[in-house]
Each structure stands twice: as C-alpha cells, then as structure tokens.
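Open the model in your viewer and keep the selection tool at hand. The tour below has a few stops.

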Amino acid sequence: MKVYNYTDLYQSKIQELCSRQIEDDKLIEERVADIIKTVKNDGDKALINFAKTFDKVDLEQLFLDAEELKSIASSIPADAKEAIDIAYHNIKAFHQSQFKIEDKVETMTGVVCWRESRAIEKVGLYIPGGTAVLPSTFLMLATPSIIAGCKEIIVCSPPQNDGKTNCYLAYCAVLLGIDRIYLIGGAQAVAAMAFGTETVPQVYKIFGPGNRYVTTAKTMVQNKVAIDMPAGPSEVLVIADETANPSFVAADLLAQAEHGIDSQAILVATSNKIIIETIEKIELQLNKLPRKDIAAKAIANSYVVLVDNLTTAMDFSNEYAPEHLILATDDFENLIPLIINAGSVFLGNLTPESAGDYASGTNHTLPTSGFAKAYSGVSLDAFVKKITFQHLSATGLANIGSTVEVLAAAEGLEAHKNAITVRLKTVEDLM
C-alpha cells in the first residue's frame, strides 16, 4: 500500500485519490449496451445463450421453483441455518422499526395535508454469485421488500457450476417465502428485469450490488426502470488513531479487499506507528486467506493517508464519501457530528464492518464510488413511494383561494385560477 502524507497533497491529488474511475469504462459500457439490446430483442433465448457463454452451464429452464429450492435448502449445515436465522431476525427487527405513519398537518385552517406510503408493486433483486455467493444480500434486499408489502419480488442470481443455486440461497428463499429464483447473472439479469422476457417478469425497480457490468447495466436501464443506486465495487475507509488495534485494522482492510480485485481498502491514520504496524499485520494475515490472491491485488491498488489529527481525517473521509466508514478510535463519539458523507458507519475498535455486512441489522446494500454524497443505503423507504394527500374544507378553500388565484394569474395560467374561482362562487352561493 502506498503511503501519502496529507500535508503534501494538493487538492487535485486528493480528488484523484478519491476518484474511482477505471480506464476501460468505455469498453464495459459498449459490452453492456450490446447485452441489454440482445436480451431486449431475443428474451429467454438470449438469457440461455449468455448462461452458456458467461456461466459455462446449459440451462434446461431459467428458474428454480419452490419444490426444488426446498430440496436444495435441506442440505444446509445446521450452524449456517442458525446463523441465517439470527441474521434474518436482526435485519427484520431493524427494518420494521422504519415503518412509521406520518401525522396529518393542517397548514392553515381547513387545509389538511399528509403523506402515506405505498409499496412498489414489482421489484427485482439481484443477488451476486461470481467470486462469492452472498446469501446475506438476499436477506438484506428481500426482508425490507417483504415488510414494505411488495406484491411481486423477482430474484435473479447466477447459476452455479451444476446449473442450480447453493443451499444457502435456497434456504434464504424458503425462509423468506420466495418461491422462485431465476438463474440469471450479470448485465443480462438487469436487462431481463428491466424489459421482461417470456419467463422473467418486468419490474418497476431493481435492487442489488454487483460487478461493473451489473452496475453499468443498472445505470443504462434507468430510462425504463428505477434503481436503488449506482453502486460499484465495494470499499472501506478506516480512520485510526493511536488507540486503534493494528491487528483489527488490518483485518478490516483485508475483509474489504477479499471482495474483489477492484475493491478499495483505505487507511487514514494519525499515527505513523499505527500505519507501520498495520501494514505488517496485513502481510501476516494475508498469507492465511483462501482468497489471498484477490485480496493482495486489491490491497496493492489501495493506499494509506497520514494526517495530523482526526478532524483532518474526517475531512478526507467526507471528500472520499466511503461506502463503509470504520472509526477505529476510542474518540468516535466526538467524530459522529463531523460525518457528512458515508454509507454506513462502524463505531469503535470492537465494531467491524463484518457485523453490518451480515447480522447487526443494518442494510449492507450501500452507495459506493462517492455516491454516498447524495445517496442513502437501502432501507424500507427504498421499497415504497410516498404519496401526498390534501383536503380542503369550505373554510380551507376560502382561506387559501385568493392566494392561489393571485399566484396562478402571476404565472399566466388562467385555467388554474379558474379552478379556484368556480369553487369559491359555489361555496359563496351555499353560504
């Protein structure tokens, strides 16, 4: 990992370090555009061909039904089943707490306004399955969609080598009451959910993380369907001071790095001693990882920033806008008000990102690539629309009428004014 001293960095260099642009983005866009066009034109046939090309499997059908999912789920190890059950309980509890009914507001006498939530009827959930299969993502996306009351939940995940899914995803489906998993991955899954095929229903909003192909596809179909956020490769930024434990910090950085070679694991530290010791611990821990080759490449593309104090560390973090922010310091309480841009925050030396990734209850589908400056992570709100209501009584119409008439006239919209005027005359005649 390359080490930078913050005091030596010009603003342009800081912006460069915080950028996640990759040189061959244009090539990715061209490939994804072709995949989307092919799925749109050829439907199921394209999906079967892409499964053979990209996943190296010959699919007899594009989905697993409830009976087959139940059969596959039966092979799940007992400890994994218990872990998924606990994670589901916590995720469900956290997201249920977000279900709130808003009060009605009388903005002036006789004028009442309020909002009500309505579930998005058809949602598509993408569960990655490339270098790692993520049952945790299944829980994170399906749980709030069910709590919200979405009527149709379409789940897509790449097929495994045997043309099926694994017992972990199958058990999640059984636990959640999802009776079908579509064996479709990559940009083609996004295209299928966006436009629909003979087998895959079209949805109104697509959720889920993925590789650059998935992310690019989600961005490209936004003129047809809504998406949760333009998320990309996963990332973590750890702020550490002299109270941090280098072994813990190294473990957190490696936990992020093992996601993929394009993941970013950034350390911002106030102590050169912590930096040196953390790098040493990374080397020791890295060699013990089954995915060490992937993690090593990600670490090689990551970096460290030495800062003078925690306030400066937060300045850099807010510019970077990390998906995951870990405050590896005993002084985390004082830093909370300084956090402006972050997807999810992990406080103190005993709170690893892994807790939120799996089972604490918060959602791990979060904005990356700096989008935490404008986007929130997935929550119950992501699966609902907020519809506004208003009601005017006769008194309310009388109170607000002249205001609307004047503003409509000022804008030259006489029909708008008249919609008030004709009602005022009727009300006056009745009074």
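This is a predicted model: local features need pLDDT of at least 70, side-chain atom pairs count only at pLDDT 80 or more; totals for chains, interfaces and linings use all residues.

**Stop 1: a loop residue**

Select Ser 97. This residue lies in the loop that runs between helix H5 (78-96) and strand S3 (105-108). Is Ser 97 buried, partly exposed or exposed? Its relative accessible area is 41%, so Ser 97 is partly exposed, a class that lies between 20% and 50%. Leu 380 is 283 residues apart from Ser 97 along the chain, and their C-alpha atoms are separated by 9.2 Å.

**Stop 2: two helices**

Select helix H10 (residues 246-257) and helix H12 (residues 292-300). Their axes come within 8 Å and cross at roughly 105°. An angle from 65 to 115 degrees counts as roughly perpendicular, and H10 and H12 are therefore roughly perpendicular to each other. To see the contact, show the side chains of Leu 253, Leu 254 and Ala 257 in H10, then those of Ile 294, Ala 295, Ala 298 and Ile 299 in H12. Of the residues in this contact, 7 are nonpolar, with no polar and no charged ones.

**Stop 3: a sheet and its helix**

Select S3, S4 and S15, which form an open sheet of 3 strands in the order S3-S4-S15, with antiparallel pairing. S3 and strand S15 (384-392) stand at the edges with a single partner strand each, so one side of each has no neighbour in the sheet. The twist from one strand to the next averages 30°.

Strand S4 (residues 111-119) pairs with S15 over 9 bridges in the antiparallel sense. Look for Ala 119, which stands opposite Val 384 in S15.

Key: Residues are numbered from 1 along each chain as its sequence is written. Side-chain values use heavy atoms; hydrogens and water are left out. Helices (H or I, at least four residues) and strands (E, at least two) are DSSP runs, numbered from the N terminus. Buried means under 20% relative accessible area, exposed over 50%, partly exposed in between (1.4 Å probe, protein chains only). Axes are lines fitted to C-alpha atoms, for helices over the stretch in contact, and angles run from 0 to 180 degrees between N-to-C directions. Angles under 35 degrees count as roughly parallel, over 145 as roughly antiparallel, 65 to 115 as roughly perpendicular and the rest as oblique. Contact means heavy atoms within 4.5 Å. Ala, Val, Leu, Ile, Met, Phe, Trp, Tyr, Cys and Pro count as nonpolar, Asp, Glu, Lys and Arg as charged, and the others, Gly among them, as polar. Two strands pair if DSSP finds at least two bridges between them.
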